Amino acid sequence: MTITLQDVAYQLGFKIGNDLVSGCIGGWEQHHLEQMIEDFCQQLLGVIPSPDDRQSQTKWIVKLTWFHNTVCEELEQDATEERLLRYTRLYIMQLIGGILFPDASDSRVHIRWRPLLKDLETCGRLSWGSAVLA
């Protein structure tokens with residue numbers, strides 16, 4: 001039996017016919033208008049993973065336990081829209097690293113997925129089904 005793109009779309013509810021999921025692996029500043037990765041994390045997540053929460057001092061591969069510990073904080077009933085968006089992005093990053101695109105250790109996620117979550121409306125229109133199947 002072969003898993004098809006339609007199977008992925010049906011089982012996970014992902015879109016398959018839209019813009020492809022893509023991004024940069026290296027040269028962060030070149031692809032993100034000279035914005036430092038720390039500033040980008042602060043802007044979109046509201047927090048910067050410490051060097052202890054990353055795989056190494058130079059790599060931006062973040063431990064899933066950091067996302068779990070950050071997301072598992074109780075969300076306030078009167079949370080602002082900005083707080084809800086940040087919480088949602090953190091949760092999606094945890095899903096990406098833990099379920100959709102796990103690394104060999106099954107315990108880390110690369111921060112390169114962050115820019116795709118900048119605009120959640122656009123993110124929802126991407127062909128995530130194609131990326132997961134690939």
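**Helix packing and selected residues in a predicted model**

S130 is found in helix α7, which spans residues 128-133; helices (H or I, at least four residues) and strands (E, at least two) are DSSP runs, numbered from the N terminus. The structure is a predicted model, in which local features need pLDDT of at least 70 and side-chain atom pairs count only at pLDDT 80 or more, whereas totals for chains, interfaces and linings use all residues. Residues are numbered from 1 along each chain as its sequence is written, and side-chain values use heavy atoms, with hydrogens and water left out.

With a relative accessible area of 18%, S130 is buried; buried means under 20% relative accessible area, exposed over 50%, and partly exposed in between (1.4 Å probe, protein chains only). The side chain of S130 is joined to that of S127 by a polar contact of 2.7 Å. A polar contact is a pair of N or O atoms within 3.5 Å; within protein, one must be able to donate a hydrogen and the other to accept it, and residues adjacent in sequence count only if both atoms are side-chain atoms. When neighbours within four places in sequence are left aside, S130 is in contact (heavy atoms within 4.5 Å) with L5, K15, I16 and L20.

The secondary structure of the protein comes to 7 helices and 2 strands, arranged along the sequence in the pattern α-α-α-β-α-α-β-α-α. Of the 134 residues in the protein, 32% are buried. Among contacts with a separation of 6 or more, 59% are accounted for by residues 24 or more positions apart.

Two packed helices are described by the angle between their axes and the distance between the axes. The axes of helix α4 (residues 64-71) and helix α5 (residues 81-100) come within 9 Å and cross at roughly 145°. Axes are lines fitted to C-alpha atoms, for helices over the stretch in contact, and angles run from 0 to 180 degrees between N-to-C directions. The crossing of α4 and α5 is left-handed; a crossing is left-handed if the near helix is turned anticlockwise from the far one by less than a right angle, and right-handed if clockwise. On the α4 side, the contact is made by L64, W66, F67, H68, T70 and V71, and on the α5 side by Y87, L90, Y91, M93, Q94, G97 and G98. These residues divide into 8 nonpolar, 5 polar and no charged. In this classification, Ala, Val, Leu, Ile, Met, Phe, Trp, Tyr, Cys and Pro count as nonpolar, Asp, Glu, Lys and Arg as charged, and the others, Gly among them, as polar.

Helix α5 also packs with α3, at an angle of about 115° and with the axes 8 Å apart. Here the contact is made by Q42, Q43, L44 and L45 of α3 and by R86, R89 and L90 of α5. By class, the contact of α3 with α5 has 3 nonpolar, 2 polar and 2 charged residues.

Two further residues of helix α5 were examined. L84 lies in this helix and is partly exposed, with a relative accessible area of 38%. Not counting residues up to four places away in sequence, L84 touches L75 and A79. Y87 is likewise found in helix α5 and, under that same exclusion of residues up to four places away, touches V71, E73 and L75.

A search of the whole structure finds 1 aromatic pair. The pair is formed by F101 and W128 and is tilted, at 6.3 Å centre to centre and 40° between the planes. Rings of Phe, Tyr and Trp (its six-membered ring) pair if their centres lie within 6.5 Å; planes under 30 degrees apart count as stacked, over 60 as edge-to-face and the rest as tilted. The pair links distant parts of the chain, 27 residues apart: F101 is in the loop between α5 and β2 (108-110), and W128 is in helix α7. F101 counts as buried at 17% relative accessibility, as does W128 at 8%.

F40, in helix α3 (residues 37-45), is buried with a relative accessible area of 3%. F40 and P115 are 75 residues apart in sequence and 8.4 Å apart in space, C-alpha to C-alpha. T122, in helix α6 (residues 120-124), counts as partly exposed at 34% relative accessibility. A polar contact of 2.8 Å joins the side chains of T122 and D119. T122 and D19 are 103 residues apart along the chain, and their C-alpha atoms are separated by 9.5 Å.
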